[in-house]
Amino acid sequence: MKIDHIALWVQDIEQMRRFYETYFEAKSNDRYKNEQKQFTSYFLTFPDSACRLELMHRTDVQESGRETLGYTHIAFSLGSKAAVEALTARLQEDGYPLLDGPRMTGDGYYESVMLDPEQNKLELTI
């Protein structure tokens with residue numbers, strides 16, 4: 001068994017697609033659009049990963065609170081401390097908030113926690 005994809009509702013689907021393409025080397029499929037449901041989506045694939053990220057937009061889905069029960073972050077394994085530090089610095093330089101790290105956690109992970117353009121938490125780890 002494996003996880004095929006994770007889906008994320010977004011406000012600005014084009015901005016979010018560009019963000020993940022720019023900083024995480026994602027490759028996007030062609031935009032899917034269902035006029036009847038007013039729904040659009042992209043599937044993003046990442047280097048060396050079988051798990052995809054689906055970005056979804058529908059006009060009737062609105063922003064919710066950030067600290068709620070349920071999913072809390074997406075973790076990206078970057079392969080080394082240097083890669084975590086480099087991407088953390090690049091994102092910070094480009095104006096994305098650093099919430100924590102880079103640091104070694106109590107459970108043995110080296111990570112930083114950032115926010116994407118729509119305030120979703122991203123964990124950058126080895």
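The model is predicted, so local features need pLDDT of at least 70 and side-chain atom pairs count only at pLDDT 80 or more, while totals for chains, interfaces and linings use all residues. Residues are numbered from 1 along each chain as its sequence is written, and side-chain values use heavy atoms, leaving out hydrogens and water.

**Overall fold**
- The protein has 2 helices and 9 strands, counted as DSSP runs (H or I of at least four residues for helices, E of at least two for strands) and numbered from the N terminus.
- Along the sequence, the order is β-α-β-β-β-β-β-α-β-β-β.
- The C-alpha atoms fill a box of roughly 50 × 35 × 30 Å along the principal axes.

**Nonpolar core**
- Tyr20 and Phe24 touch the most other members of the largest nonpolar core, which has 24 residues; such a core is a set of buried (under 20% relative accessible area, 1.4 Å probe, protein chains only) Ala, Val, Leu, Ile, Met, Phe, Trp, Tyr and Cys residues joined through side-chain atoms within 4.5 Å.
- α1 gives the most to this core, with 6 residues.
- Leaving aside residues up to four places away in sequence, Tyr20 touches residues including Leu44, Phe46, Leu53, Phe76 and Leu122, where contact means heavy atoms within 4.5 Å.

**Second largest pocket**
- Its lining has 19 residues, with Phe24, Phe46, Pro47, Phe76 and Ser77 nearest the centre; a pocket is an open set of points on a 1 Å grid over the protein atoms alone, where a 1.4 Å probe fits, with protein on both sides within 12 Å along at least five of seven lines, and lining residues have an atom within 4 Å of a point.
- β6 supplies the largest share of this lining, 4 residues.

Definitions and conventions:
Buried < 20%, exposed > 50% of the residue type's maximum accessible area, 1.4 Å probe, protein only.
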